[in-house]
Amino acid sequence: MKQTTETTPTFFCPVCRCKEYVIVCREVPDFRFRVDGVWSSARCLNCNVIYLVAPLDDSKSPCPPPVYSQHSTPDVTPLQGKGLSGKMKEYIRKSILKKHGYNIEKGNCFLGKLLQFFPQIVLKAQWGQIIFPSAMPHGRLLDIGCGNGRFLNIMGKLGWLIYGVEPDPESALIAQTTSGALIYPSLDEIKALPFQFDIITMNHVLEHIQTPREVLNACWLLLKPAGKIAISTPNWGSLCRKVFNKYWYGLDAPRHKILYECGTLKTLLQESGFSEHIISTTSIREGMVSFRKSYFFRFGRSPSTIIKTSWFFVSMLAELCTSSLGEEIIAWARKK
Ligand SMILES: [Zn+2]
């Protein structure tokens, strides 16, 4: 597709306020929830983030987008397994937890290290969490956008002192009731607390935030010196996005406001006062889901088994060659 540079006073980059952009996806409908309207995505020519712009044609005004909601009780498999298979899974899980430094009975740290070569097993043992902080006795953890509190439930059981931010009252109530964490409706209430945090996590939250710089600055203030921030977010640089572009599942217009690649996220973190970045991508959790959905959005039907299998091997090969093509970005950084 031919891209032309456009300048207009109507739109500006929400990260750096630059008014120069190129449209990278035009006339994108809401493939997921079928809200009326079409949206476009632009690449900022200054900071390179991808941001959602209002319809270019003013006559097509968008409806308010539906919000995600997590109103079900979080499903967290207990640490203790039942039966032979349950006991084996428990041993594997405890071995991986030991590798993360958690002080628990049973499990074998060496086995935990060995299992790192089998990411699917690790992911399952970590209750499906790709952000998994290592142990820190009496550490304080804040999860921004905690939904029904599933992640907080897990971290609370592992000994973290847990806190959450969740604007949806129903999800917040479930999170508070099931995890015992204190859940606040916004960062403003957290700022008033008389202590700082050892770690702040944002699991698929940053892409919904229209003012990421302000939120990261707030996180910086909320963290203890050398405290860590951990972020997961869809990867605009993923292979699936490169193939499907406007049909890419991770685009999720109009709910995803800003999308990042490894480089743009690293720059934003640097400019917000974070260093020691470890930024990687993975398709382990979302890769096949995103492919199936993107394929459906593009062709109106599900991919055949042969196509799915081919994609699996092609994407695996691509990720072996370059580490930036995975479906999700995982970023860790430390407060300077
Ligand atoms: Zn910008």
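This briefing walks through some features of the structure above, topic by topic. The model is predicted. The domain assignment of the chain gives domain 1, residues 5-53, and domain 2, residues 77-126. The C-alpha centres of domain 1 and domain 2 lie 43 Å apart.

- Phe110, Leu114, Phe117, Phe118 and Ile121 make a nonpolar surface patch of about 570 Å².
- Phenylalanine 110 belongs to helix 2, which covers residues 109-114.
- With a relative accessible area of 59%, phenylalanine 110 is exposed, because exposed means over 50%.

**Helix 9 and its cover**

- Helix 9 spans residues 262-271, and its buried residues are Cys262, Thr264, Leu265, Leu268 and Leu269.
- An α-helix has 3.6 residues a turn, so residues three or four places apart point the same way.
- The cover over the buried residues of helix 9 includes helix 7 (212-222), strand 9 (223-234), strand 11 (274-282) and strand 12 (328-335).
- After helix 9 comes glycine 273, with a positive phi near 95 degrees.

**Asparagine 235, a buried loop residue**

- You will find asparagine 235 in the loop between strand 9 and helix 8, the latter being residues 239-244.
- Is asparagine 235 buried or exposed? Its relative accessible area is 0%, so asparagine 235 is buried.
- The side chain of asparagine 235 reaches the backbone nitrogen of glycine 237 at 2.9 Å.
- A polar atom of that asparagine 235 side chain also lies 2.8 Å from the backbone oxygen of glycine 326.
- Beyond its neighbours within four places in sequence, asparagine 235 is in contact with residues including Arg241, Trp248, Tyr260, Cys262, Thr281 and Ile329.

**Backbone details to look for**

- Most residues other than glycine have a negative phi, and most peptide bonds are trans.
- Alanine 253 and proline 254 are joined by a cis peptide bond, with omega about 0 degrees.
- Proline 254 sits in the loop between helix 8 and strand 10 (258-259).
- Lysine 106, a residue other than glycine, has a positive phi near 60 degrees.
- The loop between helix 1 (83-99) and helix 2 holds lysine 106, and this lysine 106 is partly exposed at 47% relative accessibility.
- Alanine 226 is not a glycine either, yet its phi is positive, about 70 degrees.
- Alanine 226 lies in strand 9 and is partly exposed, at 37% relative accessibility.

**Salt bridges**

- Side chains of opposite charge can pair when their charged atoms come close.
- How many salt bridges are there? The count comes to 12 salt bridges.
- One of them joins aspartate 198 and lysine 224, with the closest N and O atoms 3.1 Å apart.
- Aspartate 198 is in strand 8 (residues 197-203) and lysine 224 in strand 9, so this pair ties together parts that are 26 residues apart in sequence.
- Aspartate 198 is buried at 13% relative accessible area, whereas lysine 224 is partly exposed at 29%.
- Arginine 213 forms a salt bridge with glutamate 271, the closest N and O atoms being 3.0 Å apart.
- That pair links distant parts of the chain, with arginine 213 in helix 7 and glutamate 271 in helix 9, 58 residues apart.
- Arginine 334 and glutamate 276 meet through their side chains in a salt bridge of 3.1 Å, N to O.
- Because arginine 334 lies in strand 12 and glutamate 276 in strand 11, the pair ties together parts that are 58 residues apart in sequence.
- A network of salt bridges links Asp30, Arg32, Asp252 and Arg255.

Note on methods. Residues numbered from 1 in each chain as written. Predicted model: local features only at pLDDT ≥ 70, side-chain atom pairs only at ≥ 80, totals over all residues. Heavy atoms only, no water. Patch = residues over 30% accessible without salt bridge, like charges linked within 9 Å, V, L, I, M, F, W, Y side chains within 5 Å. Areas by Shrake-Rupley, 256 points an atom, 1.4 Å probe, with all protein chains shown as cover. Salt bridge = Lys/Arg side-chain N within 4 Å of Asp/Glu carboxyl O. Helix = DSSP H or I, 4+ residues; strand = E, 2+ residues; numbered from the N terminus. Buried < 20%, exposed > 50% of the residue type's maximum accessible area, 1.4 Å probe, protein only. Contact = heavy atoms within 4.5 Å. Domains from an automatic or database assignment. Polar contact = N/O pair within 3.5 Å; in protein donor to acceptor, adjacent residues only side chain to side chain.
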